[in-house]
Amino acid sequence: MSSAIPWVVATSLVVFLLPLPLLGLTAWRPMTRLGVVSALLFAASYHVFSHYVGLGWIMFGLHTRWLLGALFPLTLLRVWQLGTQARWFPCSWWSRSFVLAGFAGALILLYGIVEVLRARAPSADAVNVRWPLEDGAFAVAHGGTAELLNHHHPVSAQRFAWDVIRVGRLGERARGFFPSSLRDYYIFGTPVLAPCTGQIVALATDRPDLPPGQFDEDFPLGNFVALYCATPQAITVVLAHLERGSVQPALNDQVPAGAFIGRVGNSGNTSEPHLHIHAVQGRVADLEQLLFSGHGVLLRVEDIFPVRNDYLVFP
């Protein structure tokens with residue numbers, strides 16, 4: 001297992017499961033009215049921001065983020081029980097610093113929320129494609145038009161990529177937090193389907209499926225298929241991290257939308273099984289253009305624009 005994974009877990013626990021708004025539940029004396037406004041504004045913005053941006057929700061179950069949201073009404077209840085001081089402005093420098101910190105933190109988070117909402121709104125020229133997996137419940141680990149929600153965004157070709165996982169009833173992606181068996185990840189082995197009618201212009205089929213936490217940095221896509229689709233717009237769609245030996249079409253094959261392509265694996269530069277999908281403009285077979293320098297194209301799936309922490313059920 002990669003040494004980075006425990007840090008991801010620890011960060012997720014601290015940032016998303018032990019939030020600072022809990023401070024409102026442990027207040028030991030009434031605050032000034034301005035202090036209450038500062039604390040509640042920070043708490044509300046924190047809950048909204050972490051609900052949409054938090055990557056840790058997929059590790060602990062996507063639906064568990066609603067439990068964090070339930071803490072905000074508890075914060076309100078606790079403040080109401082404690083009451084507030086009659087005056088608006090605090091007297092001590094410590095209390096004033098606390099109030100200013102609350103307002104400053106809220107402003108930063110509100111700016112992040114605005115960026116999140118902008119990243120969830122695709123442009124009108126997004127290309128609509130078919131959902132590239134079989135029916136089921138899925139979650140988006142990375143997706144959106146900003147780096148805040150999509151770590152692929154700085155790379156031109158992958159600017160609008162998605163990383164998709166399959167989830168269970170609680171929105172969890174595996175049996176356990178970080179199981180060592182690939183079969184314990186619900187997405188592993190899931191059939192991948194052609195998102196549009198087109199021609200196979202590039203592929204790889206013989207890269208090994210790595211244990212979770214190991215990375216193939218020399219061949220980031222792992223086993224993949226690049227599908228050139230001429231309509232409704234000339235684009236090349238990349239489906240990556242496929243299972244070794246599962247890819248069925250051959251180079252230059254014509255495949256209809258919905259045709260079997262392969263199965264989700266864990267090949268390439270990936271920490272655990274998931275399907276990576278992105279599209280570049282035009283007919284592209286060169287690996288460097290497919291992966292880095294190509295012009296990324298915004299995709300929608302059945303009029304849905306997948307963004308981090310979206311819960312998607314098909315059909």
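## A buried pair of cysteines

Let's start inside the protein: Cys 196 is buried, and Cys 229 is buried too. Keep in mind as you look around that this is a predicted model.

These two residues are joined to each other. Cys 196 and Cys 229 form a disulfide, with 1.9 Å between their sulfur atoms. If the word is new to you, a disulfide is a covalent bond between the sulfur atoms of two cysteines. How many disulfides does the count come to? The count comes to one.

## What the link ties together

Cys 196 sits in the loop between strand E4 (191–193) and strand E5 (198–204), while Cys 229 belongs to strand E6 (residues 223–229), so the pair ties together parts that are 33 residues apart in sequence. The link also has a handedness: the angle about the S-S bond is 65°, and the link of Cys 196 and Cys 229 is right-handed.

## The chain as a whole

Now let's step back. The chain has 315 residues, and 51% of them count as buried. Its elements include six helices and 13 strands.

How do parts of the chain meet? Take the contacts between residues at least 6 apart in sequence: 75% of these join residues at least 24 apart.

Strand E10 covers residues 275–281, and six of its seven residues are buried, so the strand is mostly covered.

Which strands pair with E10? One of them is strand E3 (residues 162–166), which pairs with E10 in the antiparallel sense over three bridges. Here Asp 163 has His 276 of E10 as its bridge partner. Another is strand E7 (residues 235–242), antiparallel to E10 over six bridges.

Notes: Residues are numbered from 1 along each chain as its sequence is written. This is a predicted model: local features need pLDDT of at least 70, side-chain atom pairs count only at pLDDT 80 or more; totals for chains, interfaces and linings use all residues. Side-chain values use heavy atoms; hydrogens and water are left out. Helices (H or I, at least four residues) and strands (E, at least two) are DSSP runs, numbered from the N terminus. Buried means under 20% relative accessible area, exposed over 50%, partly exposed in between (1.4 Å probe, protein chains only). Contact means heavy atoms within 4.5 Å. Two strands pair if DSSP finds at least two bridges between them. A disulfide is a pair of cysteine sulfur atoms within 2.5 Å.
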